[in-house]
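Here's a quick tour of a two-chain model, written for someone who likes to know the cut-offs. Have the viewer open while you read.

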There are 2 protein chains.
Amino acid sequence: MKQGKAVVLLSGGLDSATCLGIARRDGFACYALSFNYGQRHNCELDAARAIAQNIGVAEHVTANIDLRLWGGSALTDDIRVPNAGTADSIPVTYVPARNLIFLAFAASWAEAIGTTNIFIGVNSLDYSGYPDCRPQFITAFQQCITCGTRAGNEGQQWHIHTPLQHLSKAEIITAGLQIGVNYSLTHSCYNPTPAGIACGKCDSCSLRLKGFKEAGIVDPIRYII
Amino acid sequence: MKQGKAVVLLSGGLDSATCLGIARRDGFACYALSFNYGQRHNCELDAARAIAQNIGVAEHVTANIDLRLWGGSALTDDIRVPNAGTADSIPVTYVPARNLIFLAFAASWAEAIGTTNIFIGVNSLDYSGYPDCRPQFITAFQQCITCGTRAGNEGQQWHIHTPLQHLSKAEIITAGLQIGVNYSLTHSCYNPTPAGIACGKCDSCSLRLKGFKEAGIVDPIRYII
C-alpha cells in the first residue's frame, strides 16, 4: 500500500535499520537521514549508506552538525566509553539533546518535501536509559512541532512513528529478519577498533548481543572478543 | 545580581541583540549561539560577532548546519524574497523548523555547560507570522526538553526566556537603547546587497523601519533606498 513520503532517521545501527525496513514494508517512500555529529564511532555512517542502498530509499542525506563544539558526552569527547551495566542513571554516553536535534532536522526536511511522517527507531525496553528515547519525549516533540511548523498550523497532523518503542531487542531482530533486514550491514558499537570492529563490551554491543542470544540467532557481525 | 549561565540565540538582528542585552543586564553569563545555516544574508554573522563583543559574552559559538540540504525557503534557496505586506499566511521566507533546530542546539549546549536557561528573542506582535515565534510553541518546546534531557529528568526546571514575546518593535528598540544596545551593529535585512546594505523593502526591513519610526528614533544603519 502506498503511503507517501516519510523521513527516517538512520544511524546505521540495528534499531534504525529495522525501523527503515518497517517504513519500507509499510509502503513509505523513505528519505533516510544520517548525521555526522563528530561521533567517534563514525564508521556507523558507512553502515548507514550500505543499509539505505540495501533496503532502498528515495534519498539518503548525511547532515554535518558538529556536536563536538561543546561536547559533554563520551561519544564525542575524549572520555572513556564504559563497559555495559555499570550505571543506574543516564550514562556518560548520553549526548545532550541528540534525538531532539535529529528530530528537529527530520521535521525540517519533512516540511521541505511535504510530508508529516517521521520514523525513529527509539526503544525504551532494551536501551541505555537515555531520556530522549522514551514515549513521553516523543509525544511532547509531536506536540511541539504541531505548534511550531507551517504544516501543523495548517491543520495537518504530524506522525512520529516509533515502531520499536516497546519491543525487546530480540523482538526487534526477529521482526527485522522477517522483512529481510541484513544485520551484517549494521554497526552498533560505541567503541570500535579503527577498522570498525565492534568491542563487544560497551552498552550498545551488550544489548545487541543479548538480543541475538534471546532471539536464538547468531549475530552476523565481527567482534574483537 | 549574578544569575549563572545562559545560552542566548544570537542571529545578529535587532531582536536577538536586544535579547542578549537583557540577559546581560539581568546578570547572566551569556553563551551566545549563532548559526551559519546557508542563509543568503549571512552578513548577519558578522553582525552577531560584533554584537557579542560589544555587549560582552562568556563565549560565542557559530555552528555550521547546512539547511540548504533540503531548502524550502526563500532565505536559503534561489527564490525571490518578497517585499513586505504581500501575504496573509506564513511567508516564503519561513525556514522549515528553524527555531526548533536552533533551540535544540541551544538545549544541547546548555546541558553541556550545566545550565537550564535559554534566551530567544522571539516576538509575536511585530513579526512575520512564523509559527515558531509564538508562545504556544515555546511552551511546547520547554515541555519537550523537560521530558527529553538529563537535566529535566533529574528534576531541574528549564527556562526558555522570551523577554520580547509581547513587545512591539518600537518597545523593543526603546528597551534596548535604555540598556545601551548599539543598533548600528545589527543586521536585519533578508535581501541585502553583496556589501551587506539593507534593502529597506523586505518584511524584516519593513518591520524594523516601522519600529524605529514609532519609537521616534532614527535607525542608525544604512539602506539602499
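Is A:Ala97 buried or exposed? A:Ala97 is buried, because 30 other C-beta atoms lie within 10 Å; the label "buried" needs 20 or more such atoms, "exposed" means 12 or fewer, and "partly exposed" is in between, with C-beta atoms placed from the backbone.

Before going on, some housekeeping. This is a predicted model, where local features need pLDDT of at least 70 and side-chain atom pairs count only at pLDDT 80 or more, while totals for chains, interfaces and linings use all residues. Residues are numbered from 1 along each chain as its sequence is written, and chains are lettered from A and ligands numbered from 1 in the order in which they are written.

A:Ala97 sits in the loop between β3 and α3 (98-113) of chain A. Its phi is near 60 degrees, a positive value in a residue other than glycine. Over in chain B, B:Ala97 also has a positive phi, of about 60 degrees, although it is not a glycine. B:Ala97 lies in the loop between β3 and α3 of chain B and counts as buried, with 30 C-beta neighbours inside 10 Å.

**Strands and crossovers**

Helices (H or I, at least four residues) and strands (E, at least two) are DSSP runs, numbered from the N terminus. Two strands pair if DSSP finds at least two bridges between them.

| Strand pair | Bridges | A bridge pair |
|---|---|---|
| β2(A) and β3(A) | 6 bridges | A:Asn36 and A:Asn64 |
| β2(B) and β3(B) | 6 bridges | B:Ala32 and B:His60 |

Strand β2 (residues 29-36) of chain B is mostly covered, with 6 of its 8 residues buried. "Right-handed" here means that, with the strands pointing away from the viewer, the path from the first strand over the helix to the second runs clockwise. In chain A, β2(A), helix α2 (residues 44-55) and β3(A) make a right-handed unit too.

**Inside the core**

A nonpolar core is a set of buried Ala, Val, Leu, Ile, Met, Phe, Trp, Tyr and Cys residues joined through C-beta atoms within 7 Å. The largest one has 124 residues, and A:Val8, A:Leu33, A:Ala106, B:Val8, B:Leu33 and B:Ala106 touch the most other members. Not counting residues up to four places away in sequence, A:Val8 touches residues including A:Cys19, A:Leu20, A:Tyr31 and A:Phe119; touching, or contact, means C-beta atoms, placed from the backbone, within 7 Å.

**How the chains meet**

On chain B, 40 residues are in contact with 40 residues of chain A. The elements giving two or more residues to that side of chain B are β3 (59-64), α3 (98-113), α4 (135-148) and α5 (150-153). Of these, α3(B) supplies the largest share, 11 residues.

And how are the copies related? Chain B can be laid on chain A with an RMSD of 0.0 Å by a turn of 180 degrees and a shift of 0.0 Å along the axis, so the two are related as by a two-fold rotation axis.

Definitions and conventions. Contact = placed C-beta atoms within 7 Å. Least-squares fit on C-alpha atoms with pLDDT ≥ 70 in both.
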